[in-house]
Amino acid sequence: MAKKISILIVDDEESVRDSLYNWFIEDGYHVECAEDAKKALSMLQSESFHIILADIKMPGMDGLEMLKRIKSLKSDAIVIIMTAFATVDTAVQALKDGAFDYVTKPFDPDDLSHLIRNASKQITLTEENEILKDKVTLLENVEDMIGQSEAMQEVFKQIESVAQSNASVIITGESGTGKELVAKAIHANSSRKFFPMVSVHCGALTESLLESELFGHEKGAFTGAVYNRKGRFEMADSGTIFLDEIATISPKMQVELLRVLETKSFVRVGGNKEISSDFRVLCATNRDLKSMVDKGLFREDLYYRLNVVNINVPPLRNRIEDIPLLIDYFIKKCCNSMNRPILPIEPAALKRMEEYAYPGNIRELENMVERAIVVGNGKKIMLKDLPMVKERMSTSFESLDDLGKKHILAILNKYGWNITVSAKALKLDRVTLYNKIKKYGLTQPKQ
Amino acid sequence: MHLEKIKLISFGYFEKSLLEKIVKDVEQEFQLPVKTKEGHLDLSLFYDPSRRQYDGNRLLKEITNSYAKEQNKTLGLFNVDLFIPILTYIFGQAYLNGKAGIASIYRLRNERYGIFKDEKVLINRFRKEVIHELGHTFGLIHCFDPTCVMRSSTYVEDIDQKNHQLCHKCREQLTKT
C-alpha cells in the first residue's frame, strides 16, 4: 500500500466496531472508531479520514443525517452506509445523498475487501489528479524562465546540475529577479517532482505565526488553534520546502530551523509527538547572508547548512539582451489571459524599454507590459503607454529655473534663512545666493 | 519482552497426527518451541442460534483472558464454524501484536464444498491458517505477495494458492519485532 488509508467506523454496537477494527487493522489500515454520529462528527473536525463506514441505525442522529452533515463539511468524503435491515428506499436515499456504497450486514468477507479496495482506488485517483494538476501548473510556471544571455545560461546550467541532488540551495538576487521560479525549476527537475513543493514567505509572518506555519499545531495549543493543523514541513514530505526571505527569520527560529534540518523531525506547537518528514530545502534572499553572518545577525552553522549550493540570479540590467524576449513573452501571456489578440509593440517603445534600468527587475517589466496593454489603444503598445514616459511628461511642464527656485527656497527654509549656511549647502557664494533670491523674488516668511 | 514459546490449544476433536505435522512447520517459521495442549470450553455459550455459528469475537476474548500469557503466543484451534458480527464467516482472527488468536478447520474441509475428502489438502490449508493468525500476533499485517502466507484469504482457493511460508519482506519484519 503506497499510502496508509484511514478509516473511521461509526456504529453503536461494540461487537461490530471491534470486528471491523480487527479486520481492517490486519490489512494495514489506520482505523478509529466512534460509537455515535455526534462523536464521529467531532472526530472529523480534528482529523480527516479517507473512508467513513457508518451504520444507518444509531441512537440520536442516524447514519443518513450524519452522511448529509459530513457531505456539507467535505463534499468528496467517501461514506459507506451499513445496515442490518436493507430497504430499497433507504438505499436510494443514501446514494442520492452522496454515499459511496450501501451494504447489508453481515457481509461476505470478499465483498468487504472489494468495497474498501474500490474506495481506496478512488482516493488514489483523486489524489493523483490533484498532484497532476499541481504539476501542470508548476510546469507552466517553469516556462516563465526565459533568457538567452550568458548570465541566465549559467543559471540554467546550475539548476540542471543541482536539481537531481538533495543538496540545500540558497538562491540570491535582487527583488523581482525570479528567485521563486528558480526554486520551482529545481523542484520540477528533481526526483521529488511528483510530490508537493511548499512555499513559505518567512518575511510576511511574525515569529509565533511562522513557528505554527512551519511545524503545525495541535488543537488548543494557543487561542484560535481550534483544529489540529499540519505544518509546512509535514506537507512537504517527500517533496521540497521553499523558504523565501530566509534572512528575515528571528534568532530563535534560526535555532529551531537548524535542529529540524539536522534531524528532519519536529514536534507540532503544543504537541508532544515527534513527526518525521523527508523534505529538501531551498531558500531565497535578496540580502547578503554572509555579511549578516559576519555581523552576528545570522547563525553561521545555519548558513553553512543552507548554503551547500548558491545560485545567484542576475538583475535585469545585467542581461539587457533578454529584455526583448521577455517583453515578447509577457505580451503573449498577458494578451492570452485577457483573451485579446497579441499586440505588436512600437519600435520607440521597445527602445525605451531596453534602455530603462528596471530597479524592480522582471516583476517591474511584467507589470509595465500589463499596464501598457490595459491603458493602451488595444491595437499597438505605444511609447506613451509606458509609465516612465508618463512620469517624465508630468514633470516637463516645469523649467530648470522653476526647479532651481523651488530648491533654493526649500534650502533657505530648512536653515531658517541663514544665508551663510544655505549658500554653503547650495555650494554657492553668498553674493550669488543674494542675486538668486532677488531674481526669483523670494521672501522670508513672517514669523 | 522475551518470548518463551507458542501454544496451540485445541478445543474439540483434532487428530494427533494432524497437530504434530503442523507443529513442525510453525516451529520452522517462527523459530520458537511450539507446545500443543487440549483445552476445554463449553462452546454452547458462544453459539448464536440465529446464525447457527460460533462468535469469533467472544471466543478470541475468552482465549486471551483465560489461556494466554504475556510471554507466549497462544492460538485456540476449533472445528466449529466461526463468525464475527459483520462478516458471514471467518477462518480465524487474532489481535495484531497481541498475545492470542483463533483458527478454525471447519471451512477448510473439501467435503463442505461437495468435493472428495483430502487429508493432505486439509493439513496444508490448516497449517497456513495457523501460521497466518500467529503472524498477526507477531505484528504482521496482510501482505501483497501472492505466495506469502500473510496474504489475505477469503476463500479456500485463496489459501491453496499461497505458500505456508513468510515472504522475504514479512520475514524481515518478523526478525525486527
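Me: How do you know how confident the predictor is in chain B?
Reply: This is a predicted model, and pLDDT gives the predictor's confidence in each residue on a scale from 0 to 100. The mean pLDDT of chain B is 92, with 99% of its residues at 70 or more. For the complex, the predictor gives an ipTM of 0.75 and a pTM of 0.52.

Me: What makes β8 and β9 of chain B a pair?
Reply: Two strands pair if there are at least two bridges between them. β8(B) and β9(B), residues 100–104, have three bridges, in the antiparallel sense, so they count as a pair. Along them, B:Ala94 sits opposite B:Gly101 in β9(B).

Me: Why are β2 and β8 of chain B said to stand at the edges?
Reply: The order in this open sheet of five strands is β2-β1-β5-β9-β8, with mixed pairing. β2 (34–39) and β8 (92–94) of chain B have a single partner strand each, so one side of each has no neighbour in the sheet. From one strand to the next, the twist averages 20°.

Me: Which strands does helix α2 of chain B touch?
Reply: Helix α2 (residues 56–66) packs on the sheet against β5 (72–78), β8 and β9 of chain B, and its direction makes about 130° with that of β9(B). Helix α1 (residues 16–30) of chain B lies across β1 (5–11) and β2, at about 140° to β2(B).

Terms used. Residues numbered from 1 in each chain as written. Chains lettered and ligands numbered in written order. Predicted model: local features only at pLDDT ≥ 70, side-chain atom pairs only at ≥ 80, totals over all residues. Helix = DSSP H or I, 4+ residues; strand = E, 2+ residues; numbered from the N terminus. Axes fitted to C-alpha atoms, helices over the stretch in contact; angles between N-to-C directions. Contact = placed C-beta atoms within 7 Å.
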